[in-house]
Amino acid sequence: MELLDVGWAEVTSAVAHISAIVCPPYQSALSLMEQRVQNEHLAGHLPTRLKGLDEALCGGIPFGVLTELVGPAGIGKTQFCLKLSLLASLPSSYGGLDGHVIYIDVESKFSSRRLIEIGAKSFPEIFLTKGMAQKMSGRILVWRPASLSEFTERLQQIKVSLHRNEVKLLVIDSMAALVSGEYEQGIPRQHPLGWHVSFIKSLAEFSRIPIVVTNQVRSQSRDEACQFSFQVQRWKETKEDQARYGSHLVAALGVHWAHAVTIRLVLEAKSGQRFLKVSKSPISPPLAFPFDITASGMSLLSDDGIDLTGPDINAIRSQGHSDIINFTGESLQ
């Protein structure tokens, strides 16, 4: 009113008029679906070649969002990442993305020998052709950061590399290993990864490629399990059962990270069998698929997912696995 020298009625009318112009219009579900069909190249997927999982995720690992693999050590997370790297580097005529892959190998678990073995067993018509194994593996760029600070510095450069090298997949194996020294006793602090979470999310949206990040598990502290008074007695009654079945494990990195990922795939072991669970997804109900690790990588034993309900959706079991981050100082055996 002071700057424009007009009355209250004129100012109120102007604000209402401007608000009506800039307010985003409502859209129907039908119009959103039609837009997605028109922009399928921006909302594509990287097929995993695991039929049941691809059907559950409507095509595979989605572009433009974060997909997390969480599970205990030795369960198969890196094996899955190696297979995804091969699939992204395959020629489009074979169902691949025909591009480069940036593989951030934090724990030095990347194995070129295992990569070639998976390729030769999965795609013999390609990898047994002279020179093709070298060409495919040459498209996978491996980087091993020595510290979180080095990772932070290079993360900015990765954004440029995504365009220069025609990168079609980014793998970070694993985020938890980068910040393992940033935890205090008990519940992890949220702030060490705040900037990285935001940047990686924006990187996914900016580049429109699938970004796959692995995460470790840790033991659940009493404070986390007993946030309310009525849970204290339940904690005492079930602690022995949790230790026996490994269901007291939770994903590392905390709640802030969990909200950042769009797809969470949990790999666990239960009753001597490994399972791949779709624990979090906006396009799929919670499902579990039994799987094995073979010479050709991960293989589902059934393409029919098992429906999950209640605590089973987020529970992480680890029968037979002992390499678990423990922040409470208690034995998990």
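**Salt bridges in the predicted model**

Arginine 264 and glutamate 68 form a salt bridge (a side-chain nitrogen of Lys or Arg within 4 Å of a carboxyl oxygen of Asp or Glu), and their closest N and O atoms are 2.4 Å apart. Because arginine 264 belongs to strand S10 (residues 263-270) and glutamate 68 to strand S3 (residues 66-70), the pair ties together parts that lie 196 residues apart in sequence; strands here are DSSP runs of type E with at least two residues, numbered from the N terminus. Arginine 264 and glutamate 68 are both buried, where buried means under 20% relative accessible area, exposed over 50%, and partly exposed in between, with a 1.4 Å probe and protein chains only.

This is a predicted model, in which local features need pLDDT of at least 70 and side-chain atom pairs count only at pLDDT 80 or more, whereas totals for chains, interfaces and linings use all residues. Residues are numbered from 1 along each chain as its sequence is written, and side-chain values use heavy atoms, with hydrogens and water left out.

A second pair to find is glutamate 117 with arginine 114, whose side chains meet in a salt bridge at 3.0 Å, N to O. These two residues are 3 apart in helix H5 (residues 112-122), and are therefore separated by about one helical turn; a helix is a DSSP run of H or I with at least four residues. Glutamate 117 is partly exposed at 35% relative accessible area, while arginine 114 is buried at 13%.

Glutamate 268 forms a salt bridge with lysine 277, with 3.5 Å between the closest N and O atoms. Glutamate 268 counts as buried at 4% relative accessibility, and lysine 277 counts as buried at 1%. By the salt-bridge rule, the count comes to 7.
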